[in-house]
Amino acid sequence: MKLTSARIFWDRLGLFLLWGSGLLLPAILLFIVGCLVWKGGRVISWEFLSTLPKGAVLGAAGGILPAIKGTLGLIGLSMAFAAPVALITAVYLAEYGYSSRADRALYAIITGMVGLPSILTGMFGYAVFVVYLGFGLSLLSGSLTLAIMVFPTLVALMRNSILSAADKYRALGLSLGVSRWYLLLRVTLPAAVPGLVSAALLAIGYAAGATAPIMVTAAVIMSRGSIELTQPVMALPYHLYILFSQHISLERAYATALVLLGLLLVCNIAALVIRKMAQRETGSL
Amino acid sequence: MNITLRNLNVWYSACHILKDVGVEFKSRQISAIIGPSGCGKTTLLKSINRTAELQPGFRRKGDILLAGIDLYRALDAVTARRSIAMVFQNPIALPMSIKENVLFGPRYYGIARTEAEAVAERCLREVALWDEVKDKLSSPASNLSGGQLQRLSIARVLALDPKAILFDEPCSSLDIRSIRQIEELLLKLADRVTVVIVTHNLQQARRIARDTALLLEGELVEFGETEKLLSQPQKERSKDFLFGQLG
């Protein structure tokens with residue numbers, strides 16, 4: 001076949017489109033980060049990270065320490081609530097989940113819940129935890145609400161990573177005359193660790209940025225930064241929302257966003273390290 | 001210990017894979033199973049190893065006996081799999097160290113801490129892998145080459161102390177040197193256990209197998225001494241398969 005100029009043109013165009021769409025995402029990310037650094041970078045200082053908000057209108061001066069602590073508390077607690085239950089559910093769905101119609105329905109419901117608008121989860125959390133159970137506007141109510149929000153995502157992702165490990169090793173493992181439990185604990189779960197860590201990381205990012213569910217269950221404009229289960233907390237996304245929706249300080253809103261982003265970056269790096277360690281241990285990919 | 005199949009029929013859902021297979025794989029020798037792709041060779045091995053039943057839709061009629069003991073009625077699946085072990089076509093490293101790969105079975109059955117090292121060494125020596133890996137026993141098994149990994153798979157199975165070992169095309173992805181190593185190993189193993197091997201390579205069957213079974217479309221067409229079956233097949237269908245493919 002001859003390489004006509006038309007063929008060369010289409011080949012070049014195809015290559016350009018493939019590369020272009022691949023580069024688009026990093027470009028957008030770079031733009032966002034650049035924008036935040038450009039507009040809010042000057043505000044970031046040790047004082048900003050380590051002191052309470054001040055100013056005639058709160059937040060106009062001073063720092064965001066209570067919001068950092070609050071967000072860390074919300075993430076940590078919600079993961080502590082959601083992750084163990086999600087892992088057990090995922091194991092059940094991966095190992096037994098196709099045996100009955102009820103199991104399949106359960107999985108369909110859980111994946112269906114992934115797309116539930118977070119403000120609905122917030123309303124549910126408000127009605128159940130804040131009002132009915134009487135936990136009030138508090139870290140506990142917010143964490144439980146966030147846990148419910150991330151649970152379906154966690155289960156779906158964890159199930160997939162367990163399933164792919166199970167599919168790879170099930171026939172071989174069981175052919176060696178061991179029980180399903182032994183195979184699960186010695187092979188499937190260790191091999192699934194990188195996928196499980198990714199799932200947890202995604203859930204952390206989701207929970208850290210969620211504003212709607214905590215507005216009505218946990219977050220306040222000002223706290224002194226004490227982290228107690230029964231007390232409300234400040235949180236980075238909510239603080240950010242207040243700063244720019246009330247026109248308090250756009251510059252400080254950008255800086256707050258930058259801190260939130262930095263927090264997630266740290267989580268990402270930690271997850272990467274854990275995954276590398278797990279891979280070295282097991283030799284799996 | 002002989003493995004006896006009596007009127008074995010196997011279905012996956014509506015698909016009739018094995019049809020009335022009756023054969024006796026004798027103790028302390030290698031028996032080969034040959035036949036075109038998709039004729040049910042692997043299903044036959046998996047039925048004997050009792051892993052075929054893990055697939056949804058599996059149904060069986062007829063018996064499989066190990067030294068007269070009914071594998072499906074007298075034994076539970078876990079014990080049966082341990083007694084008649086299976087080595088798969090593509091060797092897979094379990095996600096753990098070389099040593100733990102070998103000890104995967106024994107650790108489940110319970111092995112004394114003091115014995116573990118010795119068992120691992122014995123099995124690795126038996127497959128002639130010890131000298132190559134003795135300095136990196138705790139590194140991940142996935143770093144091994146294809147030939148090494150296949151020998152590790154065999155060591156992993158030997159650690160179960162099985163009565164019989166089934167091999168599903170163990171050499172299909174290996175180079176000539178590794179094939180020779182595996183064949184020598186199989187001959188050595190046949191001194192004490194029953195060995196059944198599925199192979200696409202008629203020369204391999206000639207080299208190592210005393211008996212050979214020819215499987216066509218799920219039916220056992222012929223069974224007998226390898227040399228006789230390969231050079232003077234009795235049935236037309238056998239001739240078509242054996243000589244047709246040689247041209």
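Me: How many aromatic pairs does a search of the whole structure find?
Reply: This is a predicted model, so local features need pLDDT of at least 70, side-chain atom pairs count only at pLDDT 80 or more, and totals for chains, interfaces and linings use all residues, while side-chain values use heavy atoms, leaving out hydrogens and water. Residues are numbered from 1 along each chain as its sequence is written, and chains are lettered from A and ligands numbered from 1 in the order in which they are written. Rings of Phe, Tyr and Trp (its six-membered ring) pair if their centres lie within 6.5 Å; planes under 30 degrees apart count as stacked, over 60 as edge-to-face and the rest as tilted. Over all chains, the number of aromatic pairs is 10.

Me: What kind of aromatic pair do Tyr92(A) and Tyr96(A) form?
Reply: Their ring centres are 5.9 Å apart, with 25° between the planes. Both belong to helix H3 (residues 65-96) of chain A, where being four residues apart separates them by about one helical turn; helices here are DSSP runs (H or I, at least four residues), as strands are (E, at least two), numbered from the N terminus. The pair is stacked.

Me: Is Tyr96(A) buried or partly exposed?
Reply: Buried means under 20% relative accessible area, exposed over 50%, and partly exposed in between (1.4 Å probe, protein chains only). Tyr96(A) has 38% relative accessibility, so this residue counts as partly exposed.

Me: How are the rings of Phe124(A) and Phe129(A) arranged?
Reply: Phe124(A) is partly exposed at 42% relative accessibility, whereas Phe129(A) is buried at 9%. Their ring centres are 6.3 Å apart and their planes stand at 85°, so the arrangement is edge-to-face.

Me: Which ring has Arg60(B) over its face?
Reply: A charge sits over a ring if NZ of Lys or CZ of Arg is within 6 Å of the ring centre and within 35 degrees of the ring normal. Arg50(B) lies over the face of Tyr72(B), at 4.5 Å from the ring centre. Arg60(B), at 3.9 Å from the ring centre, lies over the face of Tyr72(B).

Me: Which strands stand at the edges of the six-stranded open sheet in chain B?
Reply: Two strands pair if DSSP finds at least two bridges between them. The order is S6-S7-S8-S3-S9-S10, with mixed pairing. Each edge strand has a single partner strand, so one side of each is left without a neighbour in the sheet; the two are S6 (84-87) and S10 (219-225).

Me: Which residue is the bridge partner of Ile33(B) in S8(B)?
Reply: Strands S3 (residues 30-34) and S8 (residues 194-198) of chain B pair in the parallel sense over four bridges. In S8(B), the partner of Ile33(B) is Val198(B).
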